[in-house]
Amino acid sequence: MGRERLEQAYAAWETQDWKTAAELLEVLAADYPDHAGCPAWLFDAALAHKFRRDWARAYSMGVRAAARVQRGVQEPAYWNLGIAATVLGEWATARDAWQGFGIDLAPGDGEIVDDFGMTCVRLDEADGSEVVWARRICPTRARVVSIPTASERRFGEIVLHDGAPNGERVVGDQTFPVFDEILLWRTSELSSWTVTVTVPAPGDLEDLVDLFDARGLCAEPAANTRVLCRCCSEGSVTQERVVAPGTQLVWLAGPAGLLDGLLDGWRLAALGRAWADLRPAH
């Protein structure tokens, strides 16, 4: 067996030279297809291609890796194949990969769009990272349902995320994992805005949030945004929603033509409500 090549492959792995590691592991798998280590080499080769975002190679090696492991027992080879297949739009393979991993999917063809519950995703932004709330639509994609503060990101976009949690957020008695973004899978056309509102009672602010939510838009008090260091962000963070009376800044997501009318309707629905200074967030 090519022990020297194996050592070279994992030496490259340790230095995150994913291209070299993947190429050497592929050669080993081709030369020794019956070796006990071959399933691991195929898996690691697919994983290295995933790290370097070569999705075509991650897919082809992922198919071979998944063929070597047992179905239905949460083998990670199926998970990585599901990610690569999703990126490439190979929906039949993606469905089979998730089922091979052990996930029950609703019957269907084409793109997987279901409700896998709420989660958090750490967006990979130009000037750092930001954790946002999102609703998972498949095992590896989630639709952002809070408003990112970064100028290039938007409410409603769909992101592809990794499968290993990197932190958690605790709300009441519920704990939600934080997944790291792999890539922006689909952009959103909904722009971000800020507005200053006056709310006599906490329920007035809740009404504004509900009004936007009912239309597939978003209103979010700026007071709910917290700045954390990287170490804290990747740990366990308790979240408490701030809903307080008074004058405060609110983030909005929606088309420009609707915002004035929605805000006026909300203002007129109860005494003492007011809004002012609606402007683009960035």
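In which strand is D277 found? In this predicted model, D277 is found in strand β11, which covers residues 274-280. The backbone of D277 has a phi near 60°, a positive value in a residue other than glycine. Most residues other than glycine have a negative phi. The place of R53 is in a loop, between α3 (38-51) and α4. R53 has a relative accessibility of 38% and therefore counts as partly exposed.

The packing of helices was examined for α4 and α5. Two packed helices are described by the angle between their axes and the distance between the axes. Helix α4 spans residues 55-66 and helix α5 spans residues 76-88; their axes are 8 Å apart and form an angle of about 145°. The crossing of α4 and α5 is left-handed. On the side of α4, the contact is made by W55, A56, A58, Y59, G62, V63, A65 and A66. These residues meet A77, Y78, L81, I83, A84, A85, V87 and L88 of α5. Of the residues in this contact, 15 are nonpolar and 1 is polar, while none is charged.

Aromatic rings were considered next. A search of the whole structure gives 8 aromatic pairs. One of them joins W13 and W18, whose ring centres are 5.0 Å apart; the planes stand at 85°, so the pair is edge-to-face. W13 has a relative accessibility of 17% and so counts as buried. W18, at 17% relative accessibility, is likewise buried. Together with Y10 and F51, W13 and W18 form one aromatic cluster.

Another pair consists of W91 and W185, with ring centres 6.1 Å apart and planes at 70°, so this pair is edge-to-face. The pair links distant parts of the chain, 94 residues apart: W91 is in helix α6 (residues 91-101) and W185 in strand β6 (residues 174-186). W91 has a relative accessibility of 14%, under the 20% limit, and therefore counts as buried. W185, in contrast, is partly exposed, because its relative accessible area is 22%.

Arginines are also placed over aromatic rings. R141 lies over the face of W185, at 4.5 Å from the ring centre. R143 lies over the face of F155, and here the distance from the ring centre is 5.2 Å.

Key. Residues are numbered from 1 along each chain as its sequence is written. This is a predicted model: local features need pLDDT of at least 70, side-chain atom pairs count only at pLDDT 80 or more; totals for chains, interfaces and linings use all residues. Side-chain values use heavy atoms; hydrogens and water are left out. Axes are lines fitted to C-alpha atoms, for helices over the stretch in contact, and angles run from 0 to 180 degrees between N-to-C directions. Helices (H or I, at least four residues) and strands (E, at least two) are DSSP runs, numbered from the N terminus. A crossing is left-handed if the near helix is turned anticlockwise from the far one by less than a right angle, and right-handed if clockwise. Contact means heavy atoms within 4.5 Å. Ala, Val, Leu, Ile, Met, Phe, Trp, Tyr, Cys and Pro count as nonpolar, Asp, Glu, Lys and Arg as charged, and the others, Gly among them, as polar. Rings of Phe, Tyr and Trp (its six-membered ring) pair if their centres lie within 6.5 Å; planes under 30 degrees apart count as stacked, over 60 as edge-to-face and the rest as tilted. Buried means under 20% relative accessible area, exposed over 50%, partly exposed in between (1.4 Å probe, protein chains only). A charge sits over a ring if NZ of Lys or CZ of Arg is within 6 Å of the ring centre and within 35 degrees of the ring normal.
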